[in-house]
Amino acid sequence: REDLWVREGKILNPEKLFFDEKGSADLRLDCRDSIIAPGFIDVQINGGFGVDFSLATDDFKAGIDLVSQKILSHGVTSFCPTLVTSPPSLYHQVLPQIGIRNGGAHGAGILGAHLEGPFISREKKGAHPEHCLRTFEAGAFQDLLATYGSLDCVRIVTLAPEMKRSCEVIRELTKRGICVSLGHSVANLSQAEEAVQHGATFITHLFNAMLPFHHRDPGIVGLLTSDKIPAGRRVFYGMISDGIHTNPAALRIAHRAHPKGLVLVTDAIAGLGLAPGRHTLGQQVVEIDGLNTYIAGTKTLSGSVATMDTCVRHFQEATGCSVETALEAASLHPAQLLGIEHKKGTLNYDSDADFLMLDDSLYVRATYIAGEEVWRQDASGM
């Protein structure tokens, strides 16, 4: 029911304008009963629209540009391009081409890469190619540096905390401001708690690619209610709320156990936005059948083809949570995870004017980045 004031790409405190400058708005926009919400932040997206971030192509940059442009219509204003387990040569080729940049009419902002693997468990590799998996045993952090080549644009690393020497790797990554996520793992609860004590703050797609919850050893899932989390620290966890990766009851259990840590991710793959059929995920071939995506010839799930706004709607429907809660899981929480909540994920004064207009059913009507309209649904509903 209020006004949102924007100037020079930031959300403005109107008191300053009225009282100090005696000014008024240069441009007024009627939001026609829309909900205004912070732009969505997707911290795990492997590609989309035929583009696979885990493939080195001659026009890799054009591919990133295409995805960042197309996801504006899903309400995503910033994202972390995610690479699945790949050979070192691929990281060396691709990572230098992922630049951190602001969003705009050209597309959603890039917050840095999310490297999911190759330091993960064989038993829980999911859709990751086994021949590319690696361990830290020989040189720990040096092995990781040699594999990735450079950490300049890396924002998140998913690893399995039960691996030998993982704690020193977690410490080194955290020291560099890189978020460490636990996933694709057979860790027990105490291994997961130790990883968090060394600096890990995230869980990659909760319930998927980890040991199922067991009452005597709840495994990584137990972090949601652990009493061994260091004071003042919050563990966040990603969830693929597409109605396929996680049963709605499991979504409700996680949300009720630890609502402030839930981060919606799409885990979308190259087939997002494309017709059913065969597509890629890094080194693997993937088959899309409706919203199901499998490694070809198997029943192993491999990422999703759900859009972020679909995940938000499904989450709200499955949990019966408030609209605000559903929107925060896709905006405020990922921003807090990455330590950028003073700039993104809220509508607070002085934060970046990345916001959405949504209808009451949480369908996106328009997307704004730095106060400028970058996408709007046209009258025909497209």
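Reader: How many residues line the largest pocket, and which of them lie nearest its centre?

Author: In this predicted model, the lining of the largest pocket has 35 residues, and D3, L4, W5, C31 and I36 are nearest the centre. Residues are numbered from 1 along each chain as its sequence is written. Local features need pLDDT of at least 70 and side-chain atom pairs 80 or more, totals for chains, interfaces and linings use all residues, and side-chain values use heavy atoms, without hydrogens or water.

Reader: What makes a residue part of the lining of a pocket?

Author: A lining residue has an atom within 4 Å of a pocket point; a pocket is an open set of points on a 1 Å grid over the protein atoms alone, with protein on both sides within 12 Å along at least five of seven lines. D3 and W5 are among the residues of the lining, so each has such an atom.

Reader: Which elements supply the lining of the largest pocket?

Author: Strand 1 (6–7), helix 1 (14–20), strand 3 (35–38) and strand 18 each give at least two residues. Strand 3 has the largest share, with three. Helices (H or I, at least four residues) and strands (E, at least two) are DSSP runs, numbered from the N terminus.

Reader: How do the residues of the lining divide into nonpolar, polar and charged?

Author: There are 20 nonpolar, three polar and 12 charged residues. Asp, Glu, Lys and Arg count as charged, while Ala, Val, Leu, Ile, Met, Phe, Trp, Tyr, Cys and Pro count as nonpolar, and the others, Gly among them, as polar.

Reader: Why is L362 called buried?

Author: L362 has a relative accessible area of 1%, and buried means under 20% (exposed is over 50%, partly exposed in between; 1.4 Å probe, protein chains only), so the word applies. L362 lies in the loop between strand 18 and strand 19 (364–369), and has a positive phi of about 70 degrees although it is not a glycine.

Reader: Is D350 buried or exposed?

Author: D350 is exposed, because its relative accessible area is 59%. D350 also has a positive phi, about 75 degrees, without being a glycine. Most residues other than glycine have a negative phi.

Reader: Why are strand 15 (277–281) and strand 17 (292–295) called edge strands?

Author: The open sheet has three strands in the order 15-16-17, paired antiparallel. Strand 15 and strand 17 each pair on one side only. Two strands pair if DSSP finds at least two bridges between them. Four bridges join strand 16 (residues 284–289) to strand 17, so these two count as a pair.

How values were computed: On a 1 Å grid over the protein atoms alone, a cavity is a set of points where a 1.4 Å probe fits but cannot get out, and a pocket is an open set with protein on both sides within 12 Å along at least five of seven lines; lining residues have an atom within 4 Å of a point.
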